[in-house]
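Subject: Handover of the structure and what was found in it

Dear colleague,

Below I am passing on the structure that you will be taking over, followed by my notes on what was found in it. Please read the notes with the structure open beside them.

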Amino acid sequence: MRLAASTAEPLATMSVTRDQLADDLAKVAAGDVAAFVRVYQATSRKLFGVVVRILGRNDLADEILQEAYVRVWQRAGDFSRDQSSPITWLVTIARNRALDEKRRKVARPLDDVPDYLEI
């Protein structure tokens with residue numbers, strides 16, 4: 001899912017409360033695209049900052065952030081107000097996706113492994 005440029009831009013003046021964000025995540029779980037856009041607008045700058053700090057590349061961070069928001073769309077029903085704050089839940093998704101990518105990029109091909117380490 002890729003947001004249109006007109007809806008994807010974070011709003012600098014947009015401020016939401018924890019409860020509003022949690023309510024929007026519940027609506028996202030029900031398939032509400034407008035609520036998803038609001039979640040994106042309220043959180044994308046913060047999540048981008050988390051991802052770019054881990055990866056060190058803006059271009060790759062954009063791609064990973066998009067994948068993180070796809071996961072948010074798919075798993076919004078897993079969010080529980082009783083277990084964490086909405087921003088913590090969202091940051092965890094973005095952080096884990098960025099760490100997965102970083103590990104994948106660091107992994108060495110088997111051709112680089114010495115013969116005595118091969119099974």
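Helices here are DSSP runs of H or I with at least four residues, strands are runs of E with at least two, and both are numbered from the N terminus. Counted in this way, the chain has five helices and zero strands, and its elements, read from the N terminus on, run α-α-α-α-α. Please keep in mind throughout that this is a predicted model.

The chain as a whole

Of the 119 residues of the chain, 36% count as buried.

Helix 3 and its neighbours

Helix 3, which covers residues 33-55, packs against helix 4, residues 58-75, at an angle of about 140 degrees, and the two axes are 9 Å apart. Since angles over 145 degrees would count as roughly antiparallel and those of 65 to 115 degrees as roughly perpendicular, this angle makes helix 3 oblique to helix 4. The crossing of these two helices is right-handed. On the side of helix 3, the contact is made by Val33, Phe36, Val39, Tyr40, Thr43, Ser44, Leu47, Phe48, Val51, Val52 and Leu55, which meet Asn58, Leu60, Ala61, Asp62, Ile64, Leu65, Tyr69, Val72 and Trp73 of helix 4. By class, the residues in the contact of helix 3 with helix 4 are 16 nonpolar, three polar and one charged.

Helix 2, residues 18-29, also packs against helix 3, again at an angle of about 140 degrees, with the axes 8 Å apart. Helix 2 and helix 3 are therefore oblique to each other, and their crossing is left-handed. Here Leu21, Asp24, Leu25, Lys27 and Val28 of helix 2 come together with Ala35, Phe36, Arg38, Val39 and Thr43 of helix 3. The contact of helix 2 with helix 3 divides into six nonpolar, one polar and three charged residues.

The aromatic residues

As to accessibility, Phe36 is buried, with a relative accessible area of 2%, whereas Trp73, at 26%, counts as partly exposed. Ring pairs also link Phe36, Tyr40, Tyr69 and Trp73 into a cluster.

Thr43 lies in helix 3 and is buried, with a relative accessible area of 1%. Once its neighbours within four places in sequence are left aside, Thr43 is in contact with Leu21, Tyr69, Ile87 and Leu90.

Val51 is likewise found in helix 3, and because buried means under 20% relative accessible area, Val51 counts as buried at 0%. Apart from its neighbours within four places in sequence, Val51 is in contact with Ala61, Ile64, Ala94 and Ala98. The C-alpha atoms of Val51 and Asn96 are 9.1 Å apart in space, although the two residues are 45 apart in sequence.

Ala94 lies in helix 5, residues 86-106, and is buried, with a relative accessible area of 0%. Leaving aside its neighbours within four places in sequence, Ala94 is in contact with Leu47, Val51 and Ala68. Ala94 and Phe48, which are 46 residues apart in sequence, are 8.2 Å apart from C-alpha to C-alpha.

Finally, Gly56 is found in the loop between helix 3 and helix 4, and at 60% relative accessibility it counts as exposed. Its C-alpha atom is separated by 9.8 Å from that of Lys102, which is 46 residues away along the chain.

Terms used. Residues are numbered from 1 along each chain as its sequence is written. This is a predicted model: local features need pLDDT of at least 70, side-chain atom pairs count only at pLDDT 80 or more; totals for chains, interfaces and linings use all residues. Side-chain values use heavy atoms; hydrogens and water are left out. Axes are lines fitted to C-alpha atoms, for helices over the stretch in contact, and angles run from 0 to 180 degrees between N-to-C directions. Angles under 35 degrees count as roughly parallel, over 145 as roughly antiparallel, 65 to 115 as roughly perpendicular and the rest as oblique. A crossing is left-handed if the near helix is turned anticlockwise from the far one by less than a right angle, and right-handed if clockwise. Contact means heavy atoms within 4.5 Å. Ala, Val, Leu, Ile, Met, Phe, Trp, Tyr, Cys and Pro count as nonpolar, Asp, Glu, Lys and Arg as charged, and the others, Gly among them, as polar. Buried means under 20% relative accessible area, exposed over 50%, partly exposed in between (1.4 Å probe, protein chains only). Rings of Phe, Tyr and Trp (its six-membered ring) pair if their centres lie within 6.5 Å; planes under 30 degrees apart count as stacked, over 60 as edge-to-face and the rest as tilted.
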